[in-house]
Amino acid sequence: MINNPSHPKKGHLKSKDCRFTKAGVEYIDYKQTDVLERFVNDQGKILPRRVTGTSARHQRQLSTAVKRARFLALIPYVTENMR
Amino acid sequence: MKKDFYEMTYILNPVLDEEKFSELVSFVNKLIENNGGDIVEVDEWGVKKLAYDIDKKSTGYYVNLYFNAPAEAIAVVERNMRINDDIMRYLTLKYDAKMLRYYDLKKKGDLPVVFEEVESESETEDDN
């Protein structure tokens with residue numbers, strides 16, 4: 001808990017629940033690119049759990065699925081967006 | 001001899017013509033069958049755009065297949081695929097119980113939907 005009163009996130013308790021546990025997913029397949037893309041930021045990096053709120057078990061499955069999809073060029077390793 | 005369930009996805013060089021694709025696909029299928037495996041399902045995704053260039057090519061012919069095979073067959077199949085330079089990349093996965101249940105669900109078509117799309121198809125919230 002953040003008990004430093006001046007911290008901006010003090011009392012910030014909104015906990016995101018894991019979308020995979022909610023949907024009852026048991027295995028995240030690397031071919032579901034439309035699902036994987038939602039857990040990857042615009043540079044192609046895997047989003048951390050604190051942002052997506054995914055459970056640890058599903059985050060591990062998600063990262064292996066993303067890495068397999070990257071290997072098969074289904075999703076890019078890095079997307080250079082023209083800054 | 002004990003057989004395990006495998007999934008393999010591989011990418012073929014896109015510049016080949018149609019019958020060369022089917023020839024290569026049957027080449028891989030024969031390879032698996034000769035080594036004591038049997039093909040459950042072959043699903044060709046056709047020429048798709050690659051997310052990044054693989055040896056100077058931006059598209060590839062994807063083939064995804066599921067098969068049962070003894071463990072020793074995999075090394076032989078992969079070695080032959082490595083020799084053939086029209087097969088750009090391949091990924092073989094052994095399916096464990098969890099993945100098998102996922103595969104059966106996919107066959108039945110009632111996969112748990114993680115993000116329901118905008119068109120509101122009936123949200124089957126079954127947790128298996």
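## Overall composition

Chain B contains three helices and four strands. In this predicted model, chain A, by contrast, has four helices and zero strands. Read along the sequence, the elements of chain B follow the pattern β-α-β-β-α-β-α, while those of chain A run α-α-α-α from the N terminus on.

## Strand pairing in chain B

Two antiparallel pairings can be described in chain B. One joins strand E2 (residues 38–54) of chain B to strand E3 (residues 57–69) of chain B through 11 bridges. Within this pairing, Asp43(B) has Asn64(B), in E3(B), as its bridge partner. E2(B) and E3(B) form a hairpin with two residues between them. In the turn of that hairpin, Asp55(B) has a positive phi of about 25 degrees.

The other pairing brings together strand E1 (residues 4–12) of chain B and E4(B), which are antiparallel over seven bridges. Here Tyr10(B) has Tyr90(B), in E4(B), as its bridge partner. Strand E4 (residues 87–94) of chain B is mostly covered, with six of its eight residues buried.

## Dimensions, burial and contacts of chain B

The C-alpha trace of chain B spans about 45 × 40 × 25 Å along its principal axes. Chain B has 128 residues, of which 44% count as buried. Among the contacts in chain B with a separation of 6 or more, 68% are between residues 24 or more positions apart.

## Surface and charge of chain B

Chain B exposes about 7,000 Å², and carbon and sulfur atoms supply 53% of this area. The chain carries 17 positive and 28 negative charges.

## The helical chain A

Chain A has 83 residues, and buried residues make up 41% of them. Of the contacts in chain A with a separation of 6 or more, 59% are accounted for by residues 24 or more positions apart. The accessible surface of chain A comes to about 5,200 Å², and 54% of it belongs to carbon and sulfur atoms.

## Confidence in chain A

The mean pLDDT of chain A is 85, and 87% of its residues reach 70 or more. Confidence in chain A is lowest in helix H1 (residues 19–23) of chain A, where the mean is 83. Confidence in this chain is highest in helix H4 (residues 56–71) of chain A, at 94.

Notes
Residues are numbered from 1 along each chain as its sequence is written. Chains are lettered from A and ligands numbered from 1 in the order in which they are written. This is a predicted model: local features need pLDDT of at least 70, side-chain atom pairs count only at pLDDT 80 or more; totals for chains, interfaces and linings use all residues. Side-chain values use heavy atoms; hydrogens and water are left out. Buried means under 20% relative accessible area, exposed over 50%, partly exposed in between (1.4 Å probe, protein chains only). Two strands pair if DSSP finds at least two bridges between them. Contact means heavy atoms within 4.5 Å. Accessible areas come from the Shrake-Rupley method with a 1.4 Å probe; for residues, only the protein chains shown count as cover. Lys and Arg count as positive and Asp and Glu as negative; His and the chain ends are not counted. The place of a charge is taken as NZ of Lys, CZ of Arg, CG of Asp or CD of Glu. pLDDT is the predictor's confidence in each residue, from 0 to 100.
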